[in-house]
Amino acid sequence: HVQFAESGGGSVQPGESLRLSCRASGSYFNNVSLGWYRQRPGKQREFVARVSSALNTLYDASVQGRFIASRIRANNTLYLQMNNLQPEDTAVYYCMQMIPKTVQPAFDSWGQGAQVIVSS
């Protein structure tokens with residue numbers, strides 16, 4: 001299956017933006033749904049956004065209108081543009097292959113993730 005390496009996390013103030021990148025390895029990148037998840041302090045990992053193989057997107061209501069997920073097939077990379085970040089967006093963000101037409105991850109082997117801290 002596809003393996004991932006997340007990058008681009010950091011510490012920002014409320015209202016600022018960050019862009020996360022996820023480099024994928026594997027020859028099936030273009031044929032699978034990919035998504036972003038996050039784990040906020042003290043909480044379980046949760047779905048954030050999905051980009052299908054047809055480049056259709058789906059977002060959790062908590063990030064709809066603020067986050068934009070995209071993928072570039074030419075360089076096997078998934079992106080998450082995060083705008084108007086709020087303290088409740090503080091989390092470790094992960095990318096993962098997804099079960100098509102769902103918000104469920106296809107596997108349970110996660111990378112190190114990208115830490116995002118939003119604080120004034």
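**An all-strand predicted model**

Lys101 is found in the loop between strand 9 (91-98) and strand 10 (114-118). Strands (E, at least two residues) and helices (H or I, at least four) are DSSP runs, numbered from the N terminus. The model is predicted: local features need pLDDT of at least 70 and side-chain atom pairs count only at pLDDT 80 or more, while totals for chains, interfaces and linings use all residues. Residues are numbered from 1 along each chain as its sequence is written, and side-chain values use heavy atoms, with hydrogens and water left out.

Phi of Lys101 is near 65°, a positive value in a residue other than glycine. Lys101 is exposed, with a relative accessible area of 80%. Exposed means over 50% relative accessible area, buried under 20%, and partly exposed in between (1.4 Å probe, protein chains only). Asn76 is not a glycine either, and has a positive phi of about 50°. Asn76 lies in the loop between strand 7 (67-72) and strand 8 (77-82).

Strand 10 has two faces. Ala114, Val116 and Val118 make up the covered one. Gln115 and Ile117 make up the uncovered one. Strand 10 pairs with strand 9 in the antiparallel sense, over 3 bridges. Two strands pair if DSSP finds at least two bridges between them. With strand 2 (residues 10-12), strand 10 pairs in the parallel sense, also over 3 bridges. Val116 stands opposite Ala91. Gly10 also stands opposite Val116.

An open sheet is formed by 4 strands in the order 1-3-8-7, with antiparallel pairing. Strand 1 (3-7) and strand 7 stand at the edges, each with a single partner strand, so one side of each is left without a neighbour in the sheet. Neighbouring strands of this sheet are turned by 20° against each other on average, direction ignored. Strand 1 and strand 3 (residues 18-25) run antiparallel and are joined by 5 bridges. Phe4 has Ala24 in strand 3 as its bridge partner.

Overall, the protein has 10 strands and 0 helices. Its radius of gyration, taken over C-alpha atoms, is 13 Å. The C-alpha trace spans about 40 × 25 × 25 Å along its principal axes. Of the 120 residues, 42% count as buried.

Terms used
Axes fitted to C-alpha atoms, helices over the stretch in contact; angles between N-to-C directions. Rg over C-alpha atoms; globule rule 2.2 N^0.38 Å.
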